[in-house]
Structures are given as structure tokens and as C-alpha cells.
Amino acid sequence: MKTIIKYVLLDLLRNKTILVYTLILAVLSVSVLSMSGNSSKGLLSLLNITLLFVPIISVLFATIYLFNSVEFTELLLAHPIKRRVMLVAEFTGVALSLSLAYLLGVGLPVIFLNYSLASLTLLLSGLFLTLIFTALALLIFVVFKDKTKGIGAAIITALFFTLLFDGLLLSFIYSFSDYPIDKPLLGIISLNPVDLGRILVLLQLDVAVMMGYSGALFKEFMGSVVGSLYSIACLSLWVILPLMYAIRRFNKKDL
């Protein structure tokens, strides 16, 4: 497994897309943090950049890379290597390269220019989103045989979690505003890792009021240690469950 991880990681670290991704994140991070006189406003702008770019780039890049590596995957399977081991190794290699790009592009500027607990929470959210959307890309790769359909599924997945989900959530809140929907709303928001990451950081910045109705609700629940552990547990499940399902499907897949 270590050999496969090392090969994938070294291959991706030389990839121009990864280098450009790191450079863009670094330029945006330094610009936002340097130009903003208020540290909270700077982190808010950086949070929006993270929530928009990280899911889309992670799921799209990982999906395309995995489909382009089909021949490499088939070559590995010709050797006495378990499918589970090979798939986990490929996931680890891709996730490590994207996480390293995020840490270099956002982590270093944040640590040197605006180090705080909220900054560390932002990095934690960004790393979780990287792992989650890489795991979803792996699942898409296993489910779809056709590359075009796989890329289409990756785009729909990214748009659903970054844009469409919030629209559906608002519709739900307005439709059932006359009913006690606090607890169901907590459960629904837990279904979107992007929202979980956003709320975690906003709570650390103490600007939960900007989240409107759900802000007050999460201020009460996620402002506690139990609430923070709950959100981290949900984000961890978002990594583990797609990965486990992808392994299960891949073990039965006819290549």
C-alpha cells in the first residue's frame, strides 16, 4: 500500500493542476488577509473561498484523475494486491496531495497572518471537505464506468452541496415555519458537510446571527463542546461512509 500511495502522491505533486490550485489559494488567501483590516472579515472571506473552491476542485479533480488512471488500476489488479488495499491507497494518495495543496495555499498564509482558534477551525473544515469530496469522487468512479457520466455526476454533486441544498433548506424552513422544526433542521443540516463546515467556523467567529434562523439554533447547540464533537463526528462519517461503500462496490465490480 505504501508504494502505491507514494507513487500516486509523487505523480500528483508534479501535476500542473495541483500546482495552480495551490498558487490560486495562496494568492487569494494573502490578498484577502492583507487587504482586510478586520481579522474576522478576512476569515469570513476566506471561508467563502474555501466553501466554494475546495468541494468543486476536490471532487472534479479526483474524479478525472481516477478515470484517467483506469489502465494503471487494471495493471495493479493484475498483481496479487487486494482490491480494497489498492482503492484505499489511491484514495489516500489523491487526498494527501489535495490536502497538502490546501495547507500550503491557505494554511501557511492563515498561520502567519491571522493565527487564531477560528483560523484553525477554518483549516480543519477545509481538510474535512477535501477528504469528503475526494471520497465522493472515489464513489463516483466506482459507480460509473463511463468517464463523461462520471464527470457529470461530480459536477452535479458539487453544485448540489454548495448551492442547491441551501435553496431546498430555505424552502423547507418557509414551508414549515409554523411548526417546531428545530430538531429536524439540525438533522437536515447534518446531511450537508459544506453547511457543517460553514457553521463551525462562523460559530468560532461569533457571527452566528449572520446565519439567520438556523444560526440561533446552532449557536445554542454547537456552541457547546458536545455540539462541536457532534459536528466533527458527522464530518468524519461523511468521509468513512462513502469510502466504505465504494470499497464494497469495487470488490464486486466487473472491470
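## About the model

The structure is a predicted model, in which local features need pLDDT of at least 70, side-chain atom pairs count only at pLDDT 80 or more, and totals for chains, interfaces and linings use all residues. Residues are numbered from 1 along each chain as its sequence is written, and side-chain values use heavy atoms, with hydrogens and water left out.

## Overall fold

Let's start with the whole chain. Its secondary structure consists of 11 helices and zero strands, where helices (H or I, at least four residues) and strands (E, at least two) are DSSP runs numbered from the N terminus. Along the sequence the pattern is therefore written α-α-α-α-α-α-α-α-α-α-α.

How much of the chain counts as buried? Of its 255 residues, 47% do; buried means under 20% relative accessible area, exposed over 50%, and partly exposed in between (1.4 Å probe, protein chains only). The accessible surface comes to about 12,900 Å², and 69% of that belongs to carbon and sulfur atoms; these areas come from the Shrake-Rupley method with a 1.4 Å probe. Among contacts with a separation of 6 or more, 80% join residues 24 or more positions apart, a contact being heavy atoms within 4.5 Å.

## Two helix pairs

Helix α4 (residues 70-77) packs against helix α5 (residues 83-113) at an angle of about 145 degrees, and their axes are 10 Å apart. Here axes are lines fitted to C-alpha atoms, for helices over the stretch in contact, and angles run from 0 to 180 degrees between N-to-C directions. The crossing of α4 and α5 is right-handed, meaning that the near helix is turned clockwise from the far one by less than a right angle. On the α4 side, F72, T73, L76 and L77 take part, and they meet R83, M86 and E90 of α5.

Helix α6 (residues 117-143) and α7 also pack at about 145 degrees, with axes 10 Å apart. Their crossing is right-handed. From α6, the contact uses F133, L136 and I140; from α7, it uses G150, A153, A154, T157 and F161.

## One side of α8

Which residues of helix α8 (residues 182-189) are buried? They are L185, L186 and I189. These residues lie on the same side of α8 because they cover an arc of only 105 degrees around the axis, the arc being that of the directions from the helix axis to the C-beta atoms. An α-helix has 3.6 residues a turn, so residues three or four places apart point the same way.

S29 sits in helix α2 (residues 16-35). This serine is buried, with a relative accessible area of 1%. Leaving aside residues up to four places away in sequence, S29 touches L46, G105, V106 and P109.

T162 belongs to helix α7 (residues 147-175) and is buried too, at 10% relative accessible area. The side chain of T162 reaches the backbone oxygen of A158 at 2.6 Å. Beyond residues up to four places away in sequence, T162 touches L51, P55 and V194.

L52, in helix α3 (residues 39-68), counts as partly exposed at 42% relative accessibility. L52 and L159 are 107 residues apart along the chain, yet their C-alpha atoms are separated by 9.5 Å.

Terms used
A polar contact is a pair of N or O atoms within 3.5 Å; within protein, one must be able to donate a hydrogen and the other to accept it, and residues adjacent in sequence count only if both atoms are side-chain atoms.
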